[in-house]
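Subject: Structure for you to look at

Hi,

Here is the structure I promised to pass on. Could you open it and keep it beside you while you read my notes below?

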Amino acid sequence: MLLDHYDTEGLFDEMFAGNGEVRAHYQLLRERLDTMSKEELDQKIRSLETLFLRQGITFTVYGDQRGTERVFPFDPIPRIIPADEWQTIEDGLVQRITALNLFLYDVYHEQKILKDKVIPEEVILSAAHYRPEFRDTDVPRDIYIHICGTDLIRDRDGSYLVLEDNGRCPSGVSYVLENRMAMKRVFPHLFDSAGVRSVDSYAADLLGTLQYIAPHAKPDPVCVLLTPGHYNSAYFEHSFLARQMGIEIVEGRDLIVVGGHVYMRTTRGLQQVDVIYRRLDDDFLDPKVFRKDSMLGVPGLVSAVQAGNVALANAIGTGVADDKVTYAYVEKMIKYYLDQDPILKQVPTYLAWDEKDRGYILEHLPELVVKAANESGGYGMLIGPRASKAEIETFRGLILANPRNYIAQPVVYFSRHPTLTDGTVEGRHIDLRPFVLSGERTHILPGGLTRVALKKGSIVVNSSQGGGSKDTWVLHQS
């Protein structure tokens, strides 16, 4: 049987307890897998790969000589989360997004948290994505992060930890929805018997979130999705979400600002746009304000936003909350704004800008994970225990040259999950990116994107670095 020789020793395993017993919420899946031959599973995987290719479920790898378009790697053994466990995750995410939105409102208005010295002023004002030109600019409903992807991991004890927040242009939700449709083909009868919660409402919930922030509470707002174009690594997702919501997907050249309002060019003339779900970073939004060489944005867009005539999701300036140095202070934000203890803990973090922390980091580089403050996708990172002496010395120089730009954390080996690898099932490290929508109320997609490091021993789960994904099953309360 597929799982007969599965190694359960060492790290926290999602499916098996330390004594090798199958966890109760995985029992039905184990029974189904025991009835499947390797040949049957291989055939299902081949049909899934063909399905993904035909539907264009791909991602782009920049700078790869073998070609940029890849089918998103998918593992058919799903990750399962019981209802009580998910409730804790959900409560923690609601708490966290509430605090982050209060923080963003504060730092773009009175800056009380800085004046009270809960967070050092220089940490925020020196952040690469802090936008001082948006001080005292109100945003609709006082919501800055409307769509957030918060990455979670589990440590050796099985405790969930927040690894980072993605509050600018988080990606990956289209794979959640496509993975689910694919899995229904692989395990059509298991879904009903297992009691898996649906993810089908995400597009409607996302559209409702966009409509909620329309300027002047317009009852039937025109929403569009702004994409950098089909060469972007997440273009599949952009087109998928626009299609699912029934809204137009546009590029910068399709929009024009006239008289402080944004219009979309159509075959019937100009149509006013009320809400823009933008999938490009601040720097490229408006060449009149940010990067002058941007060909992707809309000249005059910022003035229309500041006049309150168009809403952006997410708001300009949310990147200051994405900064990995800011991340170190989120638990303090929760206490400061909500007077609550954090439900979801974080990974202990050392800040290179702090002289004491910097000394510790430089002394222990071979033992730590070092991250650049604003990189993503597994880039700008040093995994000390696996790095060469030359790589360690390179990062030592980078830290000394720009301490504000680096943090360090102890190595946390993510939980493992059974994963099909070369015809056998082996444990591979996984994380979880739930998707949070913040509008009239907070919606959290039941499950999210489970990313898996397909390379043996690797903890880098990003698709551009050799990772893949799994379907995530959140179970109904029994």
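The side chains of Arg 451 and Asp 151 are joined by a polar contact of 3.2 Å, and a second one, of 2.7 Å, ties the Arg 451 side chain to that of Asp 431. Bear in mind that this is a predicted model. Arg 451 belongs to strand β22 (residues 449–453). Is Arg 451 buried or exposed? With a relative accessible area of 10%, Arg 451 falls under the 20% limit, so it counts as buried. If you leave aside its neighbours within four places in sequence, Arg 451 touches both of those aspartates, and its other contacts include His 429, Ile 430, Arg 433, Val 461 and Asn 462. Gly 468 and Ser 469 are also among the contacts of Arg 451.

Arg 141 has its charged end over the ring of Tyr 212, 4.0 Å from the centre. Arg 131 does something of the kind with Phe 290, lying over the ring face at 4.8 Å from the ring centre.

On to rings with rings. How many aromatic pairs does a search of the whole structure find? The count is nine. One of them is Phe 395 with Tyr 406, an edge-to-face pair with 6.2 Å between centres and 75° between planes. That pair links distant parts of the chain, 11 residues apart: Phe 395 is in helix α15 (residues 389–401), and Tyr 406 is in strand β17 (residues 406–410). Both Phe 395 and Tyr 406 are buried. Elsewhere, Tyr 108, Tyr 130 and Tyr 144 make up one aromatic cluster.

Two packed helices are described by the angle between their axes and the distance between the axes. For α8 (residues 202–212) and α9 (residues 235–245), the angle is about 85° and the axes are 9 Å apart. The two are therefore roughly perpendicular to each other. On the α8 side, Tyr 202, Ala 203, Leu 206, Leu 207 and Leu 210 meet Leu 241, Gln 244 and Met 245 of α9. Helix α6 (residues 173–186) also packs on α9, with axes that come within 9 Å and cross at roughly 70°. That angle makes α6 and α9 roughly perpendicular to each other as well. Here the α6 residues are Val 173, Ser 174, Tyr 175, Leu 177, Glu 178 and Met 181, and they meet Phe 236, Glu 237, Phe 240 and Leu 241 in α9.

Most residues other than glycine have a negative phi, and most peptide bonds are trans. Where is the cis peptide bond? It joins Ala 313 and Asn 314, with omega about 0°. Asn 314 sits in the loop between β12 (311–313) and α11 (319–322).

Asp 136 is not a glycine, yet has a positive phi of about 70°. Asp 136 lies in the loop between α5 (121–125) and β4 (147–154), and counts as exposed at 55% relative accessibility. Asp 339 is another non-glycine with a positive phi, about 55°. You will find Asp 339 in the loop between α13 (330–338) and β13 (345–346), and it is exposed too, with a relative accessible area of 60%.

Cheers

Conventions: Residues are numbered from 1 along each chain as its sequence is written. This is a predicted model: local features need pLDDT of at least 70, side-chain atom pairs count only at pLDDT 80 or more; totals for chains, interfaces and linings use all residues. Side-chain values use heavy atoms; hydrogens and water are left out. Rings of Phe, Tyr and Trp (its six-membered ring) pair if their centres lie within 6.5 Å; planes under 30 degrees apart count as stacked, over 60 as edge-to-face and the rest as tilted. Helices (H or I, at least four residues) and strands (E, at least two) are DSSP runs, numbered from the N terminus. Buried means under 20% relative accessible area, exposed over 50%, partly exposed in between (1.4 Å probe, protein chains only). A charge sits over a ring if NZ of Lys or CZ of Arg is within 6 Å of the ring centre and within 35 degrees of the ring normal. A polar contact is a pair of N or O atoms within 3.5 Å; within protein, one must be able to donate a hydrogen and the other to accept it, and residues adjacent in sequence count only if both atoms are side-chain atoms. Contact means heavy atoms within 4.5 Å. Axes are lines fitted to C-alpha atoms, for helices over the stretch in contact, and angles run from 0 to 180 degrees between N-to-C directions. Angles under 35 degrees count as roughly parallel, over 145 as roughly antiparallel, 65 to 115 as roughly perpendicular and the rest as oblique.
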